[in-house]
Amino acid sequence: MATGSTSRPRHLPEKGFPAYAYLPGRHPHPVRDPAGHSYRVEPMPVTADASLGSDPFLWGLDLFNHGYYWEAHEAWEGLWQVADRGAPSRVFFKALILLSAAGVKIREGKTAAAVRHSQRAAMLFRRLNGPSEHIVENALGLPPAILADYAEAATRVPTALRDVPLGRPQPVFDFVLGS
């Protein structure tokens, strides 16, 4: 699949991307720092019945696919928090959050942390079988077992990071979610 962010699909094209893709220690914290791209910006509201077709979920897909990994993690965090404990959806959102964290660590050049996050994400994706497997595949366009393999492969084969200006997003995964 294409890795250039201009060829990746958008689910909520009317929403503009953040001013920068946050990397810890290199940019103002998006929420806590007054110079942050989301300082005093209310997150998208998440309801207890939030679905895989909800704006917060789709926004997370857009952010992830275009290399805004910290921001994708934040978009999915609210969904994870309202999901019932022990529910497959909670496992699913946690796996996406960990995959996003792996993307941040890959961009930071922190291989051990990236491997840890991607392996945990892969383990959670592999737990999603039976009826959950079809839900994940319909939402992401990939079965969870394949996604688990992709997550692990991303840290086994070092990503050749381009030299991009500070703050520019950079997709580091060779797959697109939700296409």
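T111 lies in helix 4, which covers residues 111–127, where helices (H or I, at least four residues) are DSSP runs numbered from the N terminus. This is a predicted model, in which local features need pLDDT of at least 70 and side-chain atom pairs count only at pLDDT 80 or more, while totals for chains, interfaces and linings use all residues. Residues are numbered from 1 along each chain as its sequence is written, and side-chain values use heavy atoms, with hydrogens and water left out.

User: Why is T111 called exposed?

Analyst: Exposed means over 50% relative accessible area, buried under 20%, and partly exposed in between (1.4 Å probe, protein chains only). T111 has 53% relative accessibility, so T111 counts as exposed.

User: What makes F17 and Y68 a stacked pair?

Analyst: Rings of Phe, Tyr and Trp (its six-membered ring) pair if their centres lie within 6.5 Å, and planes under 30 degrees apart count as stacked, over 60 as edge-to-face and the rest as tilted. By this rule the count comes to 14 aromatic pairs. For F17 and Y68 the centres are 4.9 Å apart and the planes 15° apart, and the pair is stacked. F17 lies in the segment before helix 1 (55–65) and Y68 in the loop between helix 1 and helix 2 (69–82), so the pair ties together parts that are 51 residues apart in sequence.

User: Why is the pair of F64 and W76 called tilted?

Analyst: The centres of F64 and W76 are 6.1 Å apart, and the 40° between their planes makes the pair tilted. Because F64 lies in helix 1 and W76 in helix 2, the pair ties together parts that are twelve residues apart in sequence. F64 is buried, with a relative accessible area of 1%, and W76 counts as buried at 0%.

User: What makes the charged end of R10 count as sitting over the ring of F17?

Analyst: A charge sits over a ring if NZ of Lys or CZ of Arg is within 6 Å of the ring centre and within 35 degrees of the ring normal. The charged end of R10 sits over the ring of F17, 4.0 Å from its centre.

User: How do you know that the span of helix 3 agrees with its number of residues?

Analyst: The expected span is 1.5 Å times one less than the number of residues. The 21 residues of helix 3 (residues 88–108) should therefore span 30 Å, and its end C-alpha atoms are 30 Å apart, which agrees.

Terms used:
Helices (H or I, at least four residues) and strands (E, at least two) are DSSP runs, numbered from the N terminus.
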